[in-house]
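Me: I would like to go through this model with you. Could we start with the charged pairs and then move on to other topics?

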Amino acid sequence: MNYMINIFSIPLIHLQLDEWEFKKKEIIKLFSSSNLKIDKLEKVKSDFFTKKKNYNNKIQKIFSNEIKSLEEVVNSENFIVSNSWIESAEKNMYHQIHNHGALGYSAVCFVDYDETHHSPTQFVSPFNNFFNGSILSYSPEQISEGSLLFFPSMIHHYTIPNESDIERTILSFNLSQ
């Protein structure tokens with residue numbers, strides 16, 4: 001008997017948010033009260049290192065249905081937003097390759113995103129091409145404003161430089177148990 005088994009898989013959960021306009025307004029309230037600074041190392045504007053912000057509880061509430069959906073899909077429960085931040089990319093800005101550590105799942109919500117001018121978060125495989133050793137990457141399809149991606153926190157990812165004059169804004173958060 002001949003057959004193939006995929007011995008490893010990496011989940012990426014793509015949700016299109018219900019009540020997007022309401023959720024976007026709630027996120028923008030957080031964003032407008034944030035203090036975004038240009039991070040020269042990461043090549044984006046972010047409030048990641050701002051000690052004064054803490055809106056994890058608000059993010060938990062805004063995305064409670066989506067977090068519940070994640071828990072059902074991955075057959076786990078009690079995910080808690082452990083860190084959250086806003087990130088914005090003006091023309092020529094990008095986020096270098098990075099990961100969020102081995103702590104559970106991470107999420108990216110596309111807040112101000114124009115699919116005709118912007119590209120989504122790019123993901124890098126933790127293993128290389130079996131034949132030539134080249135790096136494997138994945139670019140999610142059908143990303144639009146209001147898309148939410150959940151992925152394992154330890155997966156390397158990055159953004160392609162924003163070549164447009166239209167600013168790209170995302171909300172990211174980590175989930176732990």
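Me: First, is Lys-23 buried or exposed?

Reply: Lys-23 is buried, with a relative accessible area of 5%; buried means under 20% relative accessible area, exposed over 50%, and partly exposed in between (1.4 Å probe, protein chains only). Please note that this is a predicted model, in which local features need pLDDT of at least 70, side-chain atom pairs count only at pLDDT 80 or more, and totals for chains, interfaces and linings use all residues. Residues are numbered from 1 along each chain as its sequence is written, and side-chain values use heavy atoms, with hydrogens and water left out.

Me: Which side chain meets that of Lys-23 in a salt bridge?

Reply: That of Glu-66, at 2.5 Å from N to O. A salt bridge here is a side-chain nitrogen of Lys or Arg within 4 Å of a carboxyl oxygen of Asp or Glu. Lys-23 lies in helix α1 (residues 20-32) and Glu-66 in helix α3 (residues 64-73), so the pair ties together parts that are 43 residues apart in sequence. Helices (H or I, at least four residues) and strands (E, at least two) are DSSP runs, numbered from the N terminus. Glu-66 also counts as buried, at 6% relative accessibility.

Me: How many salt bridges are there by this rule?

Reply: The count comes to eight. Another one of them joins the side chains of Asp-112 and Lys-24 (3.1 Å, N to O). This pair links distant parts of the chain, with Asp-112 in strand β5 and Lys-24 in helix α1, 88 residues apart. Asp-112 is partly exposed at 26% relative accessibility, while Lys-24 is buried at 15%.

Me: What about Glu-26, which partner does it have?

Reply: Glu-26 forms a salt bridge with Lys-29, the closest N and O atoms being 3.1 Å apart. Both lie in helix α1, three residues apart, about one turn of the helix. Glu-26 is partly exposed at 24% relative accessibility, whereas Lys-29 is exposed at 51%.

Me: New topic. Where does Phe-131 lie?

Reply: Phe-131 lies in the loop between β6 (122-124) and β7 (137-138). At 82% relative accessibility, Phe-131 counts as exposed.
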